[in-house]
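My entries below follow the order in which I looked things up.

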Amino acid sequence: KINGVGAGNPVGVINAACTVSIAKEGSQSADTILGANLLKMKERAWRFGRSIWLANHDTERQLIAAHTTLTNDDRPLFSYGNGTDRPDTLLGRPIFFTEYCPALGDVGDIILADWSQYLWGTLGSTTPQQAESMHVRFVNHERTFKFYMYNTGAPWWKSALTPKNGANTLSPFVVLAERA
């Protein structure tokens, strides 16, 4: 659902046509995440209130340090959860760290997504198919069994939304562009 290219596997949100990619800031160093990046991702998210953040584990230190500068002080954008029933949050939305997001600095190292806009389906029968063979380990007097089903997935949207009023497109899937 994150990295798939659609040929024999689901279309991942990083490769989807509807995904909005946020460019790095002009003077931004390689392999960094700035508060401005995160605020721009929020601005381009369709239905931000239903979205969650996914990020590579290597981004955590950058995200904890991310802030926005106000008139008299800085406001941190990351907030720790309590470790049981309240997750860590970024700009008020839950954030989950996963090894499936690309490494820090690559496209998709942090993703803002509304997964209700991602379609997931089973091809053919919803009952798992089954097969068996007594030939695989015949010498050992063993029989093998396999159970399988075919699934696929893709974002519901074909392209990003151009709002009636406003200059920027919106999408349920927003990624941060490469910062090399």
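Is cysteine 18 buried or exposed? I looked it up: cysteine 18 is buried, because its relative accessibility is 0%. I use buried for under 20% relative accessible area, exposed for over 50% and partly exposed for what lies in between, with a 1.4 Å probe and protein chains only.

A note on the source: this is a predicted model, in which local features need pLDDT of at least 70 and side-chain atom pairs count only at pLDDT 80 or more, while totals for chains, interfaces and linings use all residues. Residues are numbered from 1 along each chain as its sequence is written, and side-chain values use heavy atoms, with hydrogens and water left out.

Cysteines. I searched the whole structure for disulfides (pairs of cysteine sulfur atoms within 2.5 Å) and found 0. Cysteine 18 is in none, and the nearest cysteine sulfur, that of cysteine 101, is 16 Å away. I also noted that cysteine 101 is buried, at a relative accessible area of 2%.

Sheet. Next I traced the strands, which are DSSP runs (E, at least two residues) numbered from the N terminus. An open sheet of 7 strands runs in the order S1-S13-S8-S2-S7-S6-S5, with mixed pairing. Its edge strands are S1 (20-22) and S5 (78-79), each pairing on one side only. Two strands pair if DSSP finds at least two bridges between them. Within this order I checked S2 (residues 52-55) and S7 (residues 93-97), which are parallel and share 3 bridges. Leucine 54 has phenylalanine 96 in S7 as its bridge partner.

Hairpin. I then turned to S10 (residues 129-137) and S11 (residues 142-148), an antiparallel pair with 6 bridges. Alanine 131 is bridged to lysine 146 in S11. The two strands S10 and S11 make a hairpin with 4 residues between them, and histidine 141 in the turn has a positive phi of about 60°.

Loop. Where is glutamine 117 found? I located glutamine 117 in the loop between strand S8 (110-113) and S9. Glutamine 117 counts as buried, because its relative accessibility is 11%. Leaving out residues up to four places away in sequence, I listed its contacts (heavy atoms within 4.5 Å): Trp46, Arg47, Pro155, Trp156, Trp157, Pro172 and Phe173.

Strand S9. My last entry is on leucine 123, which lies in strand S9 (residues 118-123). Leucine 123 is partly exposed, because its relative accessible area is 49%.
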